[in-house]
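Work through the exercises below with the sequence and the model open side by side. Each task is followed by a solution in steps.

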Amino acid sequence: MKRPLKGSDAASLARRLRLSHALLCAAALYLLLISLKFPRFLEIASMLSGDDTFVGLENRDHPNGRPFVGSVSHRRLENDEKASPLPSGDASRPIKSLRHPYGRISGEVAARHRRRRRDLSELERMADEAWTLGSIAWRDLEGFELAANASSVVEVAANPETVVCPSSVSVGGADLRAAAAEGEYLVFLPCGLAAGSSITVVGTPHEAHEEYIVPPRGARTLRDGVTTVMVSQFMVELQGLKAVDGEEPPRILHLNPRLRGDWSKRPVIEHNTCYRMQWGSAQRCDGLPSKDDDDMVDGFGKCEKWRRPDTVDSKESKTTSWLMRFIGRHKKPEMTWPFPFVEGRLFVLTVRAGVEGYHIIVSGRHVTSFPYRTGFTLEDATGLAIKGDVDVHSLHATSLPVSHRSFSLQQVLDMSEKWKASPLPDSPIQVFIGILSASNHFSERMAVRKTWMQSSAIKSSKVVARFFVALNVRKEVNAALKKEAEYFGDIVILPFMDRYELVVLKTIAICEYGVRNVTAEYIMKCDDDTFVRLDAVLKEIQGVSHKRSLYMGNLNLLHRPLRNGKWAVTFDEWPEAIYPPYANGPGYIISIDIAKFVVSQHTNHSLRLFKMEDVSMGMWVEQFNSSTPVQYSHNWKFCQYGCMEGYFTAHYQSPRQMLCLHDKLARGRAHCCNF
């Protein structure tokens, strides 16, 4: 006979029953959610396992499917209109399947942003974020019509007369006051400059202010190794178009007057240029005139003389002075000028574009001249920036060009059948060339199509070239890029947001595309501002032994990483004292077995990545060389900076210079075009 339940026992049983009912309800709700989200669950599982079967399951019946954006994908790389709106090869045959082409960095990142890991490196975190943003940017393009944009690149490309630039630009008053509040004065020069153009700036330098800085060794310091200096300086810069996010725009002319000087304590004017985040060698004018044997710029000296406090004029003795007058040699009076900029005093500065360089005139007197640097043209100077310790009262730019084919994007793309890429060949080829490019480099890609991509080696399918481009933050640029890719058939779009630090992922994509989609003996990597003399490159390759693996280019040996400054490399990023031998990034060649090694190592999550892509390739080749002998082939003619006579590759070449080099080669001369 059962005992009746006590009050406490009955209450406990009721609580257990309520709990079991709650658990049953939760389980039912969970099963309902799983059933609704099951296709998404299968898709994530397929990405993690490498199986493509369920990817895109939700959009199987959609007329456009889910678009593929180049060789970085979780799906098969098939050239089918429903799966790939962008051309990535021959439209008549499918491209070979790719499974997890980017392994740990990119292949898993779509799933990893749902299950964050704590052991990601800085570079992996950047890649994670770039992939996520790129996926959103590509998805936003669905349904976006470029034709709705009145200033679209492609729609008005056939009507270049629609763009006319002003012959002069003047800025003052409220516009300058608004710019001053932002801390930088910016003026847009729509079509750049031309020979004879001039920019006049009226301004007043600020009074010097005190700054605390760490002094160089041997300098007098205050406590704790810190000293003070009085600083008054400003910068006037001619800038070009920004290449990619994460980079600063190229500085075509950097004019930096330092009224109190630097550690020399003497006033100085410095000139320089900066392109793709690399500064050139500075030209400093410190009050001493240019040497007699120094190069002149349009007949002007690079540096004029001004009075310096440490210069003491040599005094002639009375005897010497009397003797010189006796023989009829009178001493010529010497004009001396002060430093052209004074704190708190108005100045009128004019930058004039000559035939050979820029000329700086202050208050009507020539002060300095700066020769044009290789890789820049006057057309590239589409912006003027002034910042620092200065108040600007007015800006005037005159004698400006009224048209600009290289910059006006509406005039860049030449939608002609003859510039389209040929389909990927079925037969083996000698070299596959991957060209790194930025999404908004329309003019650079068009210049390459019209020049060295028209060589006989490419036309005969001995060589295949493709551009590798990541996405832009601007939807209009991505839409124009998509149309460009669809028309020309020579672009592989990588579905992550472009960043300078992630160039190494583009290099891996080049290796993978060359391994998976063509049968090539060698793979070459170059930039979109690199002019490739293909006949010379192929001849150089033929001259080496084919029995060993090959790494060819302009090799750096015993190169030490920078530990301080803007381009510093931390010991966590690179603990060794020197880098392995590596070829400079503008143009190098590897044999196909090295490319296969790179792809397999990355697929296995064992490829070491570094933010400098050319150094990364040097690491990978060194690792490959430990088991398979590699022939390192060095040649200076793979130019790192600019051009040299008899070049194999010429770097930092503008679209105008590309056309000039092509014209010279057509005449049988491998001469440079350093305008």
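This is a predicted model: local features need pLDDT of at least 70, side-chain atom pairs count only at pLDDT 80 or more; totals for chains, interfaces and linings use all residues.

Residues are numbered from 1 along each chain as its sequence is written, and side-chain values use heavy atoms, with hydrogens and water left out.

**Exercise 1. Find how many disulfides the whole structure has, and how the bonded cysteines pair in sequence order.**

Step 1. A disulfide is taken as a pair of cysteine sulfur atoms within 2.5 Å. The search of the whole structure gives 4.

Step 2. With the bonded cysteines numbered in sequence order, the pairing reads 1-2, 3-4, 5-7, 6-8.

**Exercise 2. Determine whether the disulfide of Cys 165 and Cys 191 is right-handed or left-handed, and which parts of the chain the pair ties together.**

Step 1. The sulfur atoms of Cys 165 and Cys 191 are 1.9 Å apart.

Step 2. The torsion about their S-S bond is about 65°, so this disulfide is right-handed.

Step 3. Cys 165 sits in the loop between helix 3 (122–140) and strand 1 (169–172), and Cys 191 in the loop between strand 2 (184–188) and strand 3 (198–205), so parts 26 residues apart in sequence are tied together. Helices (H or I, at least four residues) and strands (E, at least two) are DSSP runs numbered from the N terminus.

Step 4. Buried means under 20% relative accessible area, exposed over 50%, and partly exposed in between (1.4 Å probe, protein chains only). Cys 165 has 7% and is buried; Cys 191 has 2% and is buried.

**Exercise 3. Do the handedness analysis for Cys 285 with Cys 303, then for Cys 660 with Cys 673.**

Step 1. Cys 285 and Cys 303 have their sulfur atoms 2.0 Å apart. Their S-S torsion is about -70°, so the disulfide is left-handed.

Step 2. Cys 660 is joined to Cys 673 with an S to S distance of 2.1 Å. The torsion there is about -80°, so this disulfide is left-handed.

Step 3. Cys 660 lies in helix 13 (residues 655–666) and Cys 673 in the segment after helix 13, so the pair ties parts 13 residues apart in sequence.

**Exercise 4. Classify the aromatic pairs that Phe 432 forms with Phe 468 and with Tyr 513.**

Step 1. Rings of Phe, Tyr and Trp (its six-membered ring) pair if their centres lie within 6.5 Å; planes under 30 degrees apart count as stacked, over 60 as edge-to-face and the rest as tilted. The structure holds 20 such pairs.

Step 2. Phe 432 and Phe 468 have ring centres 6.3 Å apart and planes at 80°, so they are edge-to-face. Phe 432 is in strand 16 (residues 429–437) and Phe 468 in strand 17 (residues 463–471), 36 residues apart.

Step 3. Phe 432 and Tyr 513 are stacked, at 5.3 Å centre to centre with 25° between the planes. This pair links strand 16 to helix 9 (residues 503–516), across 81 residues.

Step 4. Phe 432 and Tyr 513 are both buried.

**Exercise 5. Which rings have Lys 420 and Arg 445 over their faces?**

Step 1. The criterion is NZ of Lys or CZ of Arg within 6 Å of the ring centre and within 35 degrees of the ring normal.

Step 2. Lys 420 lies over Tyr 487, 4.3 Å from the ring centre. Arg 445 lies over Phe 442, at 5.3 Å.
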